[in-house]
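Hi,

Here is the structure for you to look over. My notes follow below it.

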Amino acid sequence: MKLFKKIASIALVLTLMVTTFAVSPSLTAEAKAASASGVAIGSVLIQGGNVAVASQGTAASDDGMYHLVASDVNQVAPAGTDVAQTAVSAAATFSVPLSKGTANSMLYKKFTVCVMSGGALKAVSNSMYITNPEACATLAPGRMDFGKKGILPELLKSVADKNQPAALGAKQVNLNIPISQINRLAGYDYSVMKYNRLGMQVNVIILIDGASPQEYINPYSYDGLGAHNYYGMNANTAEGIAALQNAASSLARHYAGTGHGQVDNFIIGNEVNAWWLWNYMNCGSNDVFMQEYAKAFRIMYNGIKSENATANVYTCIDHQWSRAEASYYISGKEFLTKLNTIIKSEGNVDWRVAVHPYNAPLYAPRAWETSKNVSHSQSTPYVTVANIDVLTDFLCTPDMLSSTGAVRSVKLSEVGYVSHEGEALQAASLVYANLVAENNRYVDGLIITREVDHPEELAQGLSYGLCNLDGSQKMGYAFYQNPTSPDIIAQASAAAGVDLTSLITPR
């Protein structure tokens, strides 16, 4: 997401005429993994109306009992509530009422086996969350997986009414929902239902903007309020945890096809590894930053999946792969590695990856070019469409697989190509990008930025639109309309000076 985009959500509200209109507190460290005692929780699963927890291993207990403690994401056991007990055993099981939707809900809790030692509870196991929140969902709409080709639509009403995404044959669109708008969704309802009617899947990016109520904003963000585009989600305080739980479940329920339209895919944050610009939290270290994001992501994942069982939930990185630009980036590879480690240690789930594989540099006009900065090596500084196999190959490694052993899918959720060096090169890049997406089975979407040029982008030299400001269509519009046509591919290859099909690395 580039700098101009922070006004896009405001444009949605205005365009569709929705009628509405410090010092950080002390911060808690995250729980460690399994203790040296040898007790390990192996599963935490919803079974009917209960949560079933199974552990193995033994530890001495003054009262001969294991105590199951349920903690919030910002607590470290034994802090929390003692919710079940069973006799010490090498293979212990616990059952706790799920109580979804009540003050005693276990949906977002992490569970730890504790023992009595010296008159107080002591943690003796790892901590684990529910890993099948979809089991308690009451909604499971059929997904609108009609195709990978997508577009970021122009929301200005005079343009939106042309329905050009439908004419393009787009099957996916993106919408940004800043949390400040969560109680004013009428404009989004209009758009989601409209694109659904036109046969398009809707992807929503959930963002913490500066206008969000404070309870949603992470305390690590307070020192930068007003100076950044978006901020970290607050899974650090009790108020923030409650707010995120409500936001996740209410958004998923609202957009589960029950009268307000259907959202199949939720992306949690924007280019989160580029934390200074897009997910500001001044945590002091990458490890603390990752723990804060992982806690919020877990809440959003469980909240969304517990309402809409068929929804997919994504994290989001930019195109910097092995390179961390200055001190305010985490490389995409490090980000995904750390997130995977945290989530697996606390209960693996089916999270997915949204990536913005822009060219490097952004204004480079040829999508197919490789270089020392864009290679097919895992040490490549950048991941673009030309070497997206680096990312999908990484996700194919055994340690990165989902809880079911599947490769996590990748959505190319934002990528665009400039026309300032000629519309033919932009058009060829669009055809090439579509070829790459269609020939990589792990890619589930290609969202081109954008339908119409944006003035602030143009000022940065980024002429990404398929249409000019005056609404006239560029060559790229017609090429992206029929990117699989042999004639269009031939014309694109001629413009590129190379047979684009010969550059494809199928996966």
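The end C-alpha atoms of residues 185–487 lie 43 Å apart. Helices (H or I, at least four residues) and strands (E, at least two) are DSSP runs, numbered from the N terminus. An unreviewed UniProt entry annotates residues 185–487 as "domain: DUF5722"; such annotations may be inferred rather than shown by experiment.

This is a predicted model: local features need pLDDT of at least 70, side-chain atom pairs count only at pLDDT 80 or more, and totals for chains, interfaces and linings use all residues. Residues are numbered from 1 along each chain as its sequence is written, and side-chain values use heavy atoms, with hydrogens and water left out.

Next, helix α7, residues 286–305. At 1.5 Å a residue (times one less than the number of residues), its 20 residues should span 28 Å, and the end C-alpha atoms are 28 Å apart, which agrees.

Now the domains. The domain assignment, automatic or from a database, gives domain 1 (39–130) and domain 2 (135–503). Contact (heavy atoms within 4.5 Å) takes 13 residues from domain 1 and 20 residues from domain 2. Their centres, over C-alpha atoms, are 36 Å apart.

One salt bridge is counted between the two domains. The term means a side-chain nitrogen of Lys or Arg within 4 Å of a carboxyl oxygen of Asp or Glu. Lys100 forms a salt bridge with Glu307, with 3.6 Å between the closest N and O atoms.

Best wishes
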